[in-house]
Every structure is written in C-alpha cells, then in structure tokens.
Amino acid sequence: MTTAAERAEQLALVSRLKTFYPEVSEWPTPDEITHSHWLAYMKTPHDVGGELDYPHPYENKEEEQWELMTYVLCEVLAWRGIWVTEERRRIGNVDCGRSIYLGLPYYARWLWSVGRLLIEKKHINWAELTDRLAEVKNRYAGPLNGRRPEAAPKFAGDGKGVKRNEFHIKAVGLGDPPVFAGTADPAKFKVGDRVRVRDLPAMFYTRTPEYVRGAEGMIAEVAYESPAPEDETWDREDAKSEWFYIVRFNQSDLWDNYTGPKNDTLQTELPERWLEALNV
Amino acid sequence: MSNSHHDHDHDHDHAHKPMVDEITDFEVLEIALRELCIEKGLFTAEEHRVFTEYAEQIGPTPAARLVAKAWLDPQFKKLALTDAIKACKEVGVDWLHPTGFGAPSDFMAFKILENTPTLHHVIVCALCSCYPRPILGNSPEWYRTPNYRRRIVRWPRQVLSEFGLQLPDSIEVRVEDSNQKHRFMVMPMRPAGTEGWTEDQLAEILTRDCLIGVALPKPGVTNNVTPLVREAIRPASL
C-alpha cells in the first residue's frame with residue numbers, strides 16, 4: 001500500500017467486511033441493543049455448535065509448510081513454559097474476533113496468537129516484530145523461483161532472564177491433567193447423578209458450549225481434576241483445581257424438534273462450577 | 001495490493017492451486033516470529049527441530065493397528081477400553097512424547113469409545129479441533145470447519161448420511177464433543193467377512209474416518225470417504 005489510489009482501494013475492500021447484525025445500525029445507540037443481541041455479541045466466536053448451516057462438501061487439504069511450522073512454533077512455546085494450551089486457545093480462537101475467526105485460515109489464527117502472546121507478555125515489542133516482518137519480506141522479495149522460505153535467526157539467545165510458567169517443569173513425567181491429581185476438593189457429583197448446566201454469562205472465555213446452558217443431563221464419568229479453562233486461560237497458576245465431568249445429554253431434550261430417535265445422546269465435558277444438582 | 005492481480009490466469013486447470021510464487025503473509029509472519037523466539041532464547045533451534053521431527057511422523061497408522069489388535073485379542077481390548085494411554089504404548093505411541101509431558105495441545109487424557117450393536121459414536125470438537133493427534137495424526141480439514149462442528153452436534157444422523165453412513169433407529173447415535181482435555185477415538189465393531197484375517201489385513205480397513213466415527217469398516221474399503229485434496233502452495237511433505 002503506497003499510493004493514494006491503492007489506499008483507497010484497500011479501504012473500499014475493508015468497507016465491505018460486515019461484522020454486525022443487518023437489523024441493527026452500525027455504531028448503535030444503547031437503546032438499540034436488546035439483551036439477546038448483547039448475548040450474541042458477547043458470545044465467544046469459537047462456540048459454533050448448533051448454529052444453522054447447510055451441508056458443505058467435506059474437503060481435505062494438503063498441509064502448507066508454514067502451517068506445520070506454525071503448529072510446531074505454538075507447541076514448542078508451550079513446551080518451554082511461555083504459555084499453556086488454554087492461553088493459546090483463547091487468543092487464537094476467541095480474542096481474534098469473529099471476522100478473523102471465520103475469515104482467515106485455521107493456522108493463520110494459531111500464528112496470529114503467537115504474535116499477540118509475545119507482545120502481551122513483553123518478550124518482544126511491536127517495533128521488533130514489524131522491523132523483522134519487513135526484513136523477512138525484503139529477504140524474499142520477488143519471485144521465489146523454487147526457493148523455500150526458511151527462518152535464519154541471527155544468533156541464539158541464552159534464555160536466562162525469560163519468564164516461564166511452573167507448569168512446564170511440574171508436568172514432566174506426568175502430563176496434563178495428571179499433574180493436577182489430588183489438588184481439588186472432593187468431587188460433588190458421582191456417575192448417574194442428574195445435573196443441570198448453569199446458565200452463566202459467556203463473557204471473555206469459557207469452554208462450556210452455549211448449546212448445553214440450562215440443559216439437564218446425567219454424569220457419565222467423573223473425569224479428572226484441573227483448573228477450569230476460565231482461569232487457566234489467563235495464566236493463573238494460583239487457580240484452584242476442580243473436578244471435571246463427562247455429562248450425557250439426551251438429544252431430544254437438548255434440541256427443539258430433534259428429528260432422530262428418542263435415545264440419541266451427546267456427551268461433553270464440563271468443570272464442576274458449571275453444574276448444579278437436580279433434585280429428583 | 002498484489003492480491004487482486006494473481007487470481008485470473010491460472011484458475012482453469014488448477015482451480016485449487018493458485019500459482020503464488022511470492023512469499024505469503026503467513027510465511028513472513030511465521031519466519032519473523034520463529035527467528036525472534038530463538039534470538040530471545042524462548043526456545044532453541046534444536047528444540048524446534050526435535051518437535052518438528054515428532055510432528056512429521058504422527059499419522060493414523062498406530063490407531064488402526066491398536067483397534068485391529070483389540071479385535072484379535074480380548075485382553076488387549078480390555079486394556080484399550082480401560083487404560084487407553086497404556087494400550088497406546090503397545091503400538092509404539094507414548095503420550096508423554098516428545099516434551100516429557102506430552103504434545104501440549106493434546107493433553108494426557110485419552111479414551112477409546114466402543115461401538116456395540118446398539119450404540120454408535122462419532123467425535124467432534126465443537127469449540128476448536130481437539131483430536132487424538134498423537135495416535136491418529138493431524139485432523140482432516142473438514143473436521144476443523146465450523147460447518148462440521150455446527151451441524152454434527154445437532155443433526156448427527158443427517159451429517160453421517162452425507163458421509164454415506166445411514167444408521168437405523170435401533171442404534172443410538174452418541175456424539176462425543178471433546179471440548180476440554182479429554183481426547184477420544186472410536187472403536188468400531190469388527191465387520192462380517194473378516195473371519196481369519198491377520199492384524200495387518202484388519203488394520204487396512206480401519207481408516208481414519210472409521211476411527212472418527214463418520215464411516216464403518218468394510219472389507220475392500222481402505223480409503224477415507226473424503227479423499228478430495230486441495231493442494232498446498234508449498235506443501236509440508238516435500
């Protein structure tokens with residue numbers, strides 16, 4: 001983007017990207033927003049289960065080299081205690097917002113989350129990133145003619161002053177969630193108990209899908225102890241663990257007008273804070 | 001502003017493969033971030049190499065092997081259904097690899113779901129793409145799409161029928177949404193017509209799609225239901 005005409009062309013492109021309800025004006029006044037619209041805007045974009053959609057072809061794709069490298073980058077950062085998976089899942093699947101969530105390739109969001117992470121946790125600053133982007137672009141300017149882009153770090157940092165989590169040390173030899181075994185209060189529910197999923201607001205981050213909120217189900221398995229994603233995602237190593245449960249729902253209770261047979265079921269996993277006992 | 005210019009000429013023979021010979025925005029960002037991480041000492045180039053080697057060798061072979069073994073050996077089947085992580089070791093998969101605490105995004109909680117004459121399982125992660133990667137490799141693209149995730153939880157029988165799998169009402173369909181730290185895989189029933197087969201023969205019909213639960217194993221069928229491949233610009237496999 002250099003000339004005025006090019007800037008105008010790009011602005012015209014951006015103007016066509018719509019991210020709000022057509023029935024509510026852009027930049028609405030407070031009285032225009034109903035409670036349902038508020039909930040819809042607050043909803044975490046990764047939570048798509050049950051949304052209306054029509055059949056698409058089930059396509060497979062070949063993996064790009066940068067996609068593999070992005071996966072590795074994210075995992076090595078977790079290996080070395082820079083973040084935990086729950087932080088990655090929030091930044092790349094929720095904090096990115098709905099347009100990036102639905103508009104960019106899957107691994108583009110993983111990659112975006114690394115940039116955000118490194119700047120937020122002060123491992124790099126904005127200028128270091130933007131300078132390096134320009135430098136890499138320049139290094140590979142013009143047609144590649146078969147060259148495969150490759151990272152070329154100028155030196156290896158010693159990593160001594162780097163702030164890392166305790167998790168990546170504690171979890172060695174155990175894994176996650178076994179590393180949290182024995183750290184929660186006794187389980188409140190047992191297999192066979194009837195429960196209701198609490199209807200809590202979905203602000204910022206949760207992994208309890210909207211489609212089970214308020215629904216009644218049965219404990220199918222007492223799964224493991226772990227901090228809840230609502231805490232773990234914010235890098236809170238002080239968060240107390242709780243029990244997780246696999247909860248079984250009857251599909252015809254879960255969905256209005258479920259068209260399959262009465263005994264079809266769905267199971268999903270929920271932390272204890274989301275469940276309340278059903279008095280039978 | 002190069003994006004509006006290169007999508008016209010080459011679309012006819014290679015509709016799925018735009019001829020981009022310039023470095024992409026994704027490649028630039030990945031390289032910049034990786035270089036900065038190494039220079040800041042967040043990780044070493046050696047650690048990155050070790051994880052890359054791990055990531056390059058995962059695939060669906062051990063999962064197929066595990067189920068074939070379970071079909072032949074009732075003791076092993078019992079182990080697979082009660083301690084799946086331990087059973088994985090017998091087909092060469094250690095869930096603690098390669099970091100000592102596992103591949104971070106895959107966790108250490110794995111369950112195998114047994115199909116019966118009255119119960120069929122199908123897996124999804126309605127929130128992202130959670131998948132038993134250490135034993136089944138990377139998930140196919142369709143498994144990650146909002147489309148599959150939106151619909152399978154609510155219209156499972158319709159979605160399964162789009163994969164060519166029609167199930168009678170006498171079979172309960174159970175959708176397993178792996179939305180937290182558990183990972184799941186389906187153990188289908190051994191089909192008729194495989195009597196006397198070896199583990200190798202059985203493993204061949206245990207396709208990835210069967211282990212997700214969108215297909216059933218059948219003698220003579222060794223390919224996934226969804227072979228359609230969109231080619232990469234610069235594929236990882238080279």
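A:Gly157 is placed in the loop that lies between helix 7 and helix 8 (167-170) of chain A, helices being DSSP runs of H or I with at least four residues and strands runs of E with at least two, both numbered from the N terminus. This is a predicted model, in which local features need pLDDT of at least 70 and side-chain atom pairs count only at pLDDT 80 or more, while totals for chains, interfaces and linings use all residues. Residues are numbered from 1 along each chain as its sequence is written, and chains are lettered from A and ligands numbered from 1 in the order in which they are written.

With 17 other C-beta atoms within 10 Å, A:Gly157 is partly exposed; a residue is buried if 20 or more other C-beta atoms, placed from the backbone, lie within 10 Å of its own, exposed if 12 or fewer, and partly exposed in between. Once its neighbours within four places in sequence are left aside, A:Gly157 is in contact with B:Ile38, B:Glu39, B:Lys40 and B:Gly41, where contact requires that the C-beta atoms of two residues, placed from the backbone, lie within 7 Å. A:Leu270 is 113 residues from A:Gly157 in sequence and 41 Å from A:Gly157 in space, C-alpha to C-alpha.

Chain A contains 10 helices and six strands, and its C-alpha atoms fill a box of roughly 70 × 55 × 40 Å along the principal axes. Of its 280 residues, 36% count as buried. Among the contacts in chain A with a separation of 6 or more, 65% are between residues 24 or more positions apart.

Between the two chains, 96 residues of chain A are in contact with 80 residues of chain B. Several elements of chain A each supply at least two residues of the side that touches chain B, including helix 1 (4-15), helix 4 (85-95), helix 7 (126-139) and strand 5 (265-271), but the largest share, 14 residues, comes from helix 3 of chain A. By class, this side of chain A has 50 nonpolar, 22 polar and 24 charged residues, with Ala, Val, Leu, Ile, Met, Phe, Trp, Tyr, Cys and Pro counted as nonpolar, Asp, Glu, Lys and Arg as charged, and the others, Gly among them, as polar.

One helix pair illustrates the contact between the chains. Helix 6 of chain A and helix 1 (residues 25-39) of chain B pack at an angle of about 40°, with their axes 10 Å apart; axes are lines fitted to C-alpha atoms, for helices over the stretch in contact, and angles run from 0 to 180 degrees between N-to-C directions. In helix 6 of chain A, A:Ala108, A:Leu111, A:Val114, A:Gly115 and A:Leu118 meet B:Phe26, B:Leu29, B:Glu30, B:Leu33 and B:Leu36 in helix 1 of chain B, and the residues of this contact divide into eight nonpolar, one polar and one charged.

Strands of both chains also come together in an open, mixed sheet of seven strands, ordered 6(A)-2(A)-3(A)-4(A)-5(A)-3(B)-2(B), where strands pair if DSSP finds at least two bridges between them. Strand 6 (275-277) of chain A and strand 2 (119-124) of chain B stand at the edges, each with a single partner strand, so one side of each is left without a neighbour in the sheet. The twist averages 35° from one strand to the next. Within this sheet, strand 2 (residues 194-197) and strand 3 (residues 216-227) of chain A pair in the antiparallel sense over three bridges, and A:Arg194 stands opposite A:Met218 in strand 3. Elsewhere, two bridges join strand 1 of chain A to strand 5 (residues 229-230) of chain B, which run parallel, with A:Lys61 opposite B:Arg230.
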